[in-house]
Structure formats: C-alpha cells, structure tokens
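Trainee: I have just opened a structure that is new to me. Could you take me through it, beginning with the overall picture?

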Amino acid sequence: MKVEEDSSSSKLLLVATPLIRLTSIKKLLGFDGAPVYLKYEGANPTGTHKDRAAISHVREALVNGYDTITVGTCGNYGAAIAYYARRAGVKAVIYVPKGYKHSRVSEMKRYGAKVVLVEGPYETAVSLSVEAAKANGWYDANPGSINDHASLDAYSEIAREIVEQLGDAPAAIAIPVGNGTTLVGVYNGFRRMYKAGDTTRIPRIIAASTIHVNQLVYSWLMGSIDPLPVNTYLARETPVNEPLVAIQSLNAKEALMAIYHSEGVAYAYMDDEMVEMSLLLRAVEGVNALPASSSSLLAVRDFLSREQVDGPVVAVITGRWRREKQ
C-alpha cells in the first residue's frame with residue numbers, strides 16, 4: 001500500500017501491496033501441496049501494515065475537526081501516525097515505553113511528533129494516551145478506543161486486495177498478532193465479501209505471536225474463546241518480540257471469535273525461531289521481513305503440517321524498516 005498524493009485535492013490514495021508467491025523456501029519448509037503467498041506489507045512507506053490504520057485515523061481526525069492525534073505504541077504504529085500526521089498538517093503526540101529497544105522514537109521526532117516516554121509496558125503507554133485524549137480533546141487512535149472502527153475498516157482492505165489478487169479468498173491466512181486488531185479487520189473484510197457473494201469462502205484464520213505472553217494466543221491455547229488473564233511476570237519484551245507481547249490484547253475477544261468461527265488456530269513462537277525465519281526469507285526469497293511478522297510464516301508451516309487445505313494459503317508479512325534518506 002504505497003501512498004500517492006492527489007495534488008488537486010490533497011487526498012492520500014492507497015495502492016495495493018504485493019502478493020508474492022513463494023518458490024524456493026516452500027520446498028525447504030515442506031510445503032508440498034497448497035501454494036503459499038506472502039501479503040507483503042513492507043511495501044508501505046513506513047514498512048508495516050500500520051500505515052493502513054494510521055492514514056485512516058488521520059483522515060478521521062481531519063474530517064471531525066481535530067488538530068491533534070495521539071496513540072500509545074511500541075514503535076511501528078507511532079512511526080506511521082507521525083508520518084501521516086505530518087503529511088496532513090495534524091499534530092501528533094505519541095506515548096512510547098521508555099525501555100523499548102526498537103521504538104523508532106528518532107523517526108517519530110523527525111516527522112515532527114511530540115514523543116512522551118513512559119515508565120512501564122505498552123499497556124501503560126496506551127492508557128496514558130487515552131487519558132490525554134480525553135483531557136485535551138485530542139483524536140484517540142489507540143486500539144480498542146472509540147475510534148477503533150477506523151483501524152478495522154483499514155485492515156479489512158488487506159482482505160479485499162487479496163481477493164482481487166487471487167481471484168477468490170485463500171483457504172487460510174496467517175496474521176501476526178499483538179492486540180489482534182489486524183486479524184479482526186482482515187476477518188471482517190473476508191466475511192463481508194463472502195456475504196456479498198464476492199468470495200466462495202471465508203478463509204481459516206491463523207494467529208501467530210510470541211511465547212513470551214500474548215493474551216489472545218494464550219487464551220486460545222488454553223481452550224478459551226474469552227480472554228483470560230495472563231501472568232504478567234512471564235511477559236518479557238525483547239527487540240524481536242516487542243510488537244507481539246500483550247498482557248492485554250485490546251481486540252482479544254473479537255479476534256478469538258474470528259479464529260473460532262473460521263475454524264482457525266493460534267500458535268506462539270520463540271524469538272530465535274522468528275529471527276531464523278526472517279533470515280531465511282531474506283536469503284532464499286529476497287524478502288526483507290521483520291522477525292516478529294515472520295511468525296506468520298512459521299504458523300503457516302505448522303498449520304500445513306497438520307491440516308489439508310483446498311486452496312492457497314497467505315501469510316501477512318511486514319518489512320524491516322529502512323532509514324529514509326535525508
């Protein structure tokens with residue numbers, strides 16, 4: 001989803017991200033049957049799928065007369081919000097956990113955002129951002145907020161693009177999860193198209209995350225479709241898993257129902273597994289992927305080792321950020 005600007009109307013226009021069919025790595029991973037594709041969100045200007053939600057929220061802020069937008073982030077979402085806020089002439093105030101390693105703070109500041117460093121985890125950053133939005137009359141772009149529909153609608157476009165690129169919905173789709181917002185949006189997109197007769201099926205939804213605590217995946221693995229409390233002492237953020245760790249997955253309930261209704265599944269992975277898959281993708285397929293997002297391809301591997309499918313399988317992958325030229 002690259003972004004182009006219409007000079008006559010100053011609107012931001014979205015272009016579909018590529019769908020890449022895997023070849024060599026497919027053989028290495030033992031994908032003997034179904035074709036496997038990557039929905040490569042690394043083609044977005046800031047390198048991740050967060051661009052979709054960011055531009056949607058910035059538009060909502062403009063339409064509703066806000067001059068400031070705020071969000072709590074572990075990095076990628078904040079960078080995307082800062083980028084599109086600058087393009088639209090909106091102020092951005094971004095709350096970031098002080099201890100996070102890959103928070104992209106310097107990039108946010110370069111885009112003109114005010115960055116507030118927070119003592120505590122990601123959930124604290126979100127809470128403080130929500131409180132600040134209420135107190136100052138700012139637009140709240142946080143997951144689970146009153147404006148959550150903007151993120152869900154934006155991520156549903158991933159589903160629409162895949163259907164246009166494949167000609168139908170895939171048999172299954174794997175999505176990296178922290179809060180589960182992207183997963184819910186993608187599922188909603190496929191469900192709407194299926195009800196409208198635009199697809200022949202709703203794909204099975206596969207969630208992929210870290211073994212170091214994600215409420216959504218933990219709840220699924222424990223056999224619950226209701227979010228369960230997690231042991232916060234087991235949470236361990238690392239430079240690899242920071243986007244995936246979630247003591248409270250803010251869209252966990254909806255995400256768990258999406259997995260359940262689609263007869264899907266959830267998996268959790270160690271950091272070294274995600275790093276290895278990321279390196280393998282780069283070496284074999286030439287795809288530059290964030291290790292955390294490579295969890296989705298690990299999930300496809302494990303899913304296909306256990307399940308038979310009657311069509312293609314897609315893994316949503318986000319790219320490794322590259323510093324833009326100054």
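This is a predicted model: local features need pLDDT of at least 70, side-chain atom pairs count only at pLDDT 80 or more; totals for chains, interfaces and linings use all residues.

Trainee: What share of the residues counts as buried?

Mentor: Of the 326 residues, 59% count as buried. The accessible surface of the protein chain comes to about 13900 Å², and 50% of this belongs to carbon and sulfur atoms.

Trainee: And the charges: how far apart are the mean positions of the positive and negative ones?

Mentor: They are 5 Å apart, for 34 positive and 34 negative charges.

Trainee: What share of the contacts comes from residues 24 or more positions apart?

Mentor: Such residues account for 71% of the contacts in the protein chain with a separation of 6 or more.

Trainee: Let us turn to the strands. In what order do the four strands of the open sheet come?

Mentor: The order is β7-β6-β5-β8, and the pairing is parallel. Strands β7 (114–118) and β8 (139–140) stand at the edges with a single partner strand each, so one side of each has no neighbour in the sheet.

Trainee: What about β5: is it enclosed or open to the outside?

Mentor: Five of the five residues of β5 are buried, so β5 is largely enclosed by the rest of the structure.

Trainee: Which way do its residues point?

Mentor: T68, T70 and G72 point one way from β5, whereas I69 and V71 point the other way; all are buried. In a regular strand, side chains alternate between the two faces of the sheet.

Trainee: How many bridges join β5 to β6, and how many to β8?

Mentor: Five bridges join β5 to β6 (residues 91–97), and two join β5 (residues 68–72) to β8. Both pairs run parallel. T70 illustrates the two sides: its bridge partner in β6 is V93, and in β8 T70 stands opposite D140.

Trainee: Moving on, what does β9 pair with?

Mentor: Strand β9 is joined to β10 by five bridges, and the two run parallel. As an example, the bridge partner of I175 in β10 is A207.

Trainee: Is β9 covered or exposed?

Mentor: Strand β9 (residues 172–176) is mostly covered, with five of its five residues buried. A172, A174 and P176 point one way from β9, and I173 and I175 point the other way.

Trainee: And which strand do five bridges join to β11?

Mentor: That is β10 (residues 204–210), which runs parallel to β11. S209 has A268 as its bridge partner in β11. Strand β11 (residues 265–269) is mostly covered as well, since four of its five residues are buried.

Trainee: Now the loops. Where is V213, and is it buried or exposed?

Mentor: V213 is in the loop between β10 and α8 (215–221). With a relative accessible area of 9%, V213 is buried, because the cut-off for buried is under 20%. Its phi is near 85 degrees, a positive value in a residue other than glycine.

Trainee: What is the phi of E263?

Mentor: Phi of E263 is near 60 degrees, which is also a positive value in a residue other than glycine. E263 lies in the loop between α9 (252–261) and β11. E263 is exposed, with a relative accessible area of 57%.

Trainee: Finally, the helices. Which residues does L166 touch?

Mentor: Not counting residues up to four places away in sequence, L166 touches L19, Y37, P312 and V314. L166 is found in helix α6 (residues 148–166), and at 25% relative accessibility it counts as partly exposed. From C-alpha to C-alpha, L166 and A132 are 43 Å apart in space, and 34 residues apart in sequence.

Trainee: Is K134 buried or exposed?

Mentor: K134 is exposed, with a relative accessible area of 71%. K134 lies in helix α5 (residues 122–136). K134 and S224 are 90 residues apart in sequence and 33 Å apart in space, C-alpha to C-alpha.

Conventions
Residues are numbered from 1 along each chain as its sequence is written. Side-chain values use heavy atoms; hydrogens and water are left out. Buried means under 20% relative accessible area, exposed over 50%, partly exposed in between (1.4 Å probe, protein chains only). Contact means heavy atoms within 4.5 Å. Accessible areas come from the Shrake-Rupley method with a 1.4 Å probe; for residues, only the protein chains shown count as cover. Lys and Arg count as positive and Asp and Glu as negative; His and the chain ends are not counted. The place of a charge is taken as NZ of Lys, CZ of Arg, CG of Asp or CD of Glu. Two strands pair if DSSP finds at least two bridges between them.
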